[in-house]
Amino acid sequence: MLKQPLFIGSEIYRGSSYGGLHPLRVPRVSTVMDLSRALGWLPDAQYVTSPRAKPKALWAFHTPEYVSALARAERRGVVSDLERDQFQLGTHSNPVFAEMFRRPATGAGGVMLAGELLSNGGIVHVPGGGTHHGMPDRANGFCYLNDPVLAIKSLQHHGAERVAYIDIDAHHPDGVEVEFSVDPSVRMISVHEEKRWPFTGALEETAGGSSFNLPVPRGLNDSEMRVVQEELIVPAVDIFAPDAIVLQCGSDAIEEDPLSRLSLSNNAHAEIAKSLMNMSPRLMVLGGGGYNPWSVGRCWTRIWGVLNDQKMPTRLSKNAESVLRDLRFEGNSRGRSPPEHWCTTLADQPNEGPIRNEIRARIDALRARF
Ligand SMILES: [Zn+2]
């Protein structure tokens, strides 16, 4: 049993970018590391440098042909038309960039190590993980490898028999659902924006009983997410009685994210993480989407604080504030004059609101399957 939560990170995230105006041009994991250290929340004893997964280890989910193609694309810095078509590499979504193999392989190595470190229980945070769209034989939706699948497999390999996978990213985890469809040892619960890419994850889509999919309408607020947490996520996990939980904590459902139209504050993420902390012996928290550099850095740092029972500062110290002041959001109007609280606080103002009937009705439909 781990004595204290561990944070698995890497310097590979610092300065690495998908390039151009790609949503993943912004720093994320490095911000969380810097901010957590500035707050005194990340002593060396809790930090683990992520190993890079060996190609063979990735075969646990990905085809050897695809893994080779990905490594080759990084080496050459270019892909052929055939490779682009076959593996979806070198596309607008999944561009060729300098660390296109090493960076996702580091995320994958981190979650696989986390599965091992959690053999006897504990909490591990891997904010570089969470790339839930990756497919066995191709890149998909900014995801070159599917580390959540590899995380679940690693937990299983190291003794977990029942894994609950909770995904609160704005997008549906299509790659994860593909792998664990009809698998009674994995329960997936996903809350995602309806009518949004990848357009999977309909309410009726059960993946042979393994998935509970809750598509939500635009503008999802904190009050609605609390109902989702209390009426769907917590009871669905409780009844399943997992011995491991993986929380994909994408932060693109936060109000000011440029890629989705949900309106959560990071209080929703903090409350959900907290609610899952004592529901199984093992908890692995991953990152995921999140394309506003301030929201994502603050959200995941806050999550790390929650996992460690840290008291949230009402105002950040000067050195923590300077981490946020130094962020840039080139090519997005949100970056021109970031509101003061993006640089001086960690906790958002709550965004409470009415609870729409359609959300209640969908939760009821899923509860009927408990
Ligand atoms: Zn997303």
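Q: Why does His-171 count as buried?
A: Buried means under 20% relative accessible area, exposed over 50% and partly exposed in between, with a 1.4 Å probe and protein chains only. His-171 comes in at 9% relative accessibility, so it counts as buried. Bear in mind that this is a predicted model, where local features need pLDDT of at least 70 and side-chain atom pairs count only at pLDDT 80 or more, while totals for chains, interfaces and linings use all residues. Residues are numbered from 1 along each chain as its sequence is written, and side-chain values use heavy atoms, with hydrogens and water left out.

Q: What makes Asp-169, His-171 and Asp-252 donors of the zinc ion?
A: A donor is an N, O or S atom within 2.8 Å of the metal (3.2 Å for Na, K and Ca); water is not among the atoms, so sites may look incomplete. Here OD of Asp-169, ND1 of His-171 and OD of Asp-252 lie 1.9 to 2.1 Å from the zinc ion. Along the sequence, the spacing of these donor residues reads D-x1-H-x80-D. Asp-169 is another buried residue, because its relative accessibility is 1%.

Q: How do you know whether Phe-142 is buried or exposed?
A: Phe-142 has a relative accessible area of 14%, so it goes down as buried. Its backbone is worth a look too: phi is positive, about 70 degrees, although Phe-142 is not a glycine. You'll find Phe-142 in the loop between strand S3 (122–126) and helix H6 (147–157).

Q: And what makes Ala-241 partly exposed?
A: Ala-241 has 48% relative accessibility, so partly exposed is the label. Ala-241 also has a positive phi, near 50 degrees, in a residue other than glycine. Its place is the loop between helix H8 (222–240) and strand S7 (244–248).

Q: Why call the bond between Trp-197 and Pro-198 cis?
A: Omega is about 10 degrees for the peptide bond that joins Trp-197 and Pro-198, and that bond is cis. Most residues other than glycine have a negative phi, and most peptide bonds are trans. Pro-198 sits in the loop between strand S5 (186–193) and strand S6 (211–216).

Q: What makes the 67 residues a nonpolar core?
A: A nonpolar core is a set of buried Ala, Val, Leu, Ile, Met, Phe, Trp, Tyr and Cys residues joined through side-chain atoms within 4.5 Å. The largest one has 67 residues, and Ile-166, Met-225, Val-228, Ile-233 and Leu-247 have the most contacts inside it. Skipping neighbours within four places in sequence, Val-228 is in contact (heavy atoms within 4.5 Å) with Val-191, Leu-214, Ile-233, Ile-359 and Ile-363. Apart from that core lies another, of 50 residues, including Leu-2 and Phe-180.

Q: Why is one space called a cavity and another a pocket?
A: On a 1 Å grid over the protein atoms alone, a cavity is a set of points where a 1.4 Å probe fits but cannot get out, whereas a pocket is an open set with protein on both sides within 12 Å along at least five of seven lines; lining residues have an atom within 4 Å of a point. The count is one cavity of 30 Å³ or more. Its lining includes Ile-8, Tyr-13 and Thr-106.

Q: What is the volume of the largest pocket?
A: The largest pocket has about 470 Å³. Of its 37 lining residues, the closest to the centre are Leu-24, Gly-141, Phe-142, Cys-143 and Tyr-291. The second largest pocket has a volume of about 160 Å³.

Notes. Grid points are joined across faces, edges and corners, and a volume is the space filled by probe spheres set on the points. Helices (H or I, at least four residues) and strands (E, at least two) are DSSP runs, numbered from the N terminus.
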